[in-house]
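Please read it alongside the sequence and the model.

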Amino acid sequence: MTRITDHGDNLILAVMMMYFALPVILGLWALHRVDWSTVKFGFNEGLFLAGGLVAFGYGLATYYRNYSAYMQAKEGQLAEQITGQLLNRLVGPQCIVAHDMPCDGFNIDHIVIGPRAVYAVETKSIRKPQGSDDDSHYKVTFDGTALSFPDFQNRKAVEQARRQAHWLRRYLKESLGLDIPVVPAIALPGWWIDKTESGRNSDVKVFTPMGRGAEFLATGEEIIGASLRSLIAQAIAQRYPSVDD
């Protein structure tokens, strides 16, 4: 994956060099032939300068906006990979794990088919606040409706997890003709989860995949038998695009 990304970046750089090579060389040649003693700065020159500054400012703002989004996407991808690797440890006779399930206009990061329920897991990558070694800066509080981090509160992640679980439950019912229990879950790698009473009783399960934090997904009273877990896995597999030989 890293080599593919590096080669892609090199291709973009090569195209940019080819695209701008002639204009840059032509501009340098023209500047070399200008008699600067005859150049006067007037209204037209001011317009060109203002236009250049506006274009540069727009490009800089666009670069900054896309760079921030790119870095967030990279961090999110890394968090998904870490969570996926840790969830894969649950795979066994009692548990099936799938990743990045294509849905209707969105993807579910991870699906864990356990004996007690099917879990639709949304992974969130949240940076820890800088400037303090206080343990509270690594703790998030969940009250059933929102995730309270040290410096902000997030309700959208909880709502998103519920929507995705609802979609998956409806899809499985349409595919199998059965009402399969689907539990919304949020994985927060690297965070200590502190739950209020409402958070502990919430339909949304918030957990860290680190250590033994995800083991509850593969344990509990068997409500979904092995044969049904296999059928659920097959229904989920139907959502992935086929790969032609």
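## Cysteines and disulfides

A search of the whole structure finds 0 disulfides, a disulfide being a pair of cysteine sulfur atoms within 2.5 Å. The sulfur of Cys95 lies 18 Å from the closest cysteine sulfur, that of Cys103, which is too far for a bond. Cys103 is likewise in no disulfide, its nearest cysteine sulfur being that of Cys95.

Cys95 counts as buried because its relative accessibility is 2%, where buried means under 20% relative accessible area, exposed over 50% and partly exposed in between, with a 1.4 Å probe and protein chains only. Cys103, at 10% relative accessibility, also counts as buried.

## Basis of the model

This is a predicted model, in which local features need pLDDT of at least 70 and side-chain atom pairs count only at pLDDT 80 or more, while totals for chains, interfaces and linings use all residues. Residues are numbered from 1 along each chain as its sequence is written, and side-chain values use heavy atoms, with hydrogens and water left out.

Helix H5 comprises 12 residues, 226-237, and reaches 17 Å from its first C-alpha to its last, close to the 16 Å expected at 1.5 Å a residue; helices (H or I, at least four residues) and strands (E, at least two) are DSSP runs numbered from the N terminus, and the expected span is 1.5 Å times one less than the number of residues.

The buried residues of H5 are Leu228, Arg229, Ile232, Ala235 and Ile236. They lie on the same side of H5 because they cover an arc of only 120 degrees around the axis, taken from the directions from the helix axis to the C-beta atoms. On the other side of H5, Ala226 and Ser227 are exposed.
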